[in-house]
Amino acid sequence: MKTDLTDTTASKINKALVKGRRAIGTPAVGMVLTLVIVTDEENAYDALKAASDASHEHPSRTLVVIKRVSRSLRDRTQSRLDAEVRVGADAGTGETVILRLYGEVVDHAQSVVLPLLLPDAPVVVWWPVNAPLDPAQDPLGALAQRRVTDTYACEKPVEELAARADAYTPGDTDLSWTRITPWRSMLAAALDQVACEVQGVEVEGEEFNPSCELLAMWLADRLDVPVRRTRSAGPGLTAVRMDTDCGPIALDRADGSLATLSIQGQPKRAVALKRRDTAELIAEELRRLDPDDTYASALRYGVERLKSQDGAGGPAKGEREAVPAPVESAAKAPAARATAEAPVKKAAAK
């Protein structure tokens, strides 16, 4: 059931929600949280679809906040709120309210969202794009117990990680961190099978992929060993290789779906490690609403510290480091030897 409201208020939206629940025969509220999605018109459809799919696991009231840009000066001074209320099959297993803000009310989105929050239920705010540098200080972020961003959607994701580390507040998380959960689980399980000491790690993946950086920082923080970050054509993370005193351990995924786990002295094993869609990532984040201390520790390790540890990051996959050719080295060696022997000969002549 859909209800369109033009130039409305939060009170009228609440009445439309109650009326919609009664119309479909479910007057009781059976939702566990409020999910606030702050996005633009371009990304609203994809974000709403992901939230709707995730609502099958976490029934929630989804509030989509779309801040419309007014083109003329007159429109900027005229505040207006339009809403689309979805209840029943049109909203997954919860309720959906799409809020479009115009004019001055754009700067006061929290005053529109606050009356629509479920009472005595946790609040999660998700920015699919254009997240603030400090989510906890954002007016909408201040209403939430959990704040979800996605540095992968940023123009400069690696630099964004540094900003996230400086402004981290308990309750912050990022979908780039959620994407590497299967990798972290698989690597931890691989190390549990052997009694070896890790001496070095190489993380291979796309150049501008924040998940690769986060995985490298997590390994460096937890294992306290040098971690080298190398580049590949992707997709996403492609390999993690660990040097141990018992032999190498490698987890390679070249096609983005099936990976191969190699442990010294054991047969190679194929493991499912597919790239997950946004709905699965959001569903995972909604399973826990307490602060993620592991993410905080890895994030605060720092991208700059990781780069200073492995130098310039090494050559890209398929490239070789420049080394002198054998002929050139052989040609230079006699010349150097002759230069070194010259003072001796002159001394002998004297």
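**Figure 1. Lining of the largest cavity in the predicted model.** The largest cavity of this predicted model has a volume of about 50 Å³. Two cavities of 30 Å³ or more are present in the structure. The residues that line the largest cavity are Pro135, Arg147, Thr149, Arg164, Tyr168, Asp172, Thr173, Tyr295 and Leu299. At least two lining residues come from each of β7 (146-149), β8 and α10. Sorted by class, this lining consists of four nonpolar, two polar and three charged residues.

**Figure 2. The aromatic pair formed by Tyr168 and Tyr295.** The structure contains two aromatic pairs. In the pair shown, the ring centres of Tyr168 and Tyr295 lie 6.1 Å apart and the ring planes meet at 65°, so the arrangement is edge-to-face, given that planes over 60 degrees apart are assigned to that class. Distant parts of the chain are linked by this pair, as its two members are 127 residues apart. Tyr168 belongs to the loop between α5 (157-166) and β8 (172-174), whereas Tyr295 is part of helix α10 (residues 293-301). Both Tyr168 and Tyr295 are also among the residues lining the largest cavity.

**Figure 3. Packing of helix α7 against helix α8.** The axes of α7 and helix α8 (residues 210-223) are 11 Å apart and form an angle of about 35°. The crossing of α7 with α8 is right-handed. On the α7 side, the contact involves Trp183, Arg184, Leu187 and Leu191. The residues contributed by α8 are Leu215, Trp218, Leu219 and Leu223. In terms of class, seven nonpolar residues and one charged residue make up this contact, with no polar residue taking part.

**Figure 4. Surroundings of the largest pocket.** The volume of the largest pocket is about 550 Å³. Its lining comprises 30 residues, and those nearest the pocket centre are Arg179, Arg276, Asp277, Thr278 and Leu281. Two or more lining residues are supplied by each of α2 (44-54), α7 (181-192) and α9 (278-285). Of these elements, α2 provides the largest share, with five residues. The lining of the largest pocket includes 15 nonpolar, five polar and ten charged residues.

Terms used. Residues numbered from 1 in each chain as written. Predicted model: local features only at pLDDT ≥ 70, side-chain atom pairs only at ≥ 80, totals over all residues. Heavy atoms only, no water. 1 Å grid on protein atoms, 1.4 Å probe; cavity = no way out; pocket = protein on both sides within 12 Å on 5 of 7 lines; lining within 4 Å. Points joined across faces, edges and corners; volume = space filled by probe spheres on them. Helix = DSSP H or I, 4+ residues; strand = E, 2+ residues; numbered from the N terminus. Nonpolar A, V, L, I, M, F, W, Y, C, P; charged D, E, K, R; others polar. Axes fitted to C-alpha atoms, helices over the stretch in contact; angles between N-to-C directions. Left-handed = near helix turned anticlockwise from the far one by under 90°. Contact = heavy atoms within 4.5 Å. Phe/Tyr/Trp six-rings, centres within 6.5 Å; stacked < 30°, edge-to-face > 60°.
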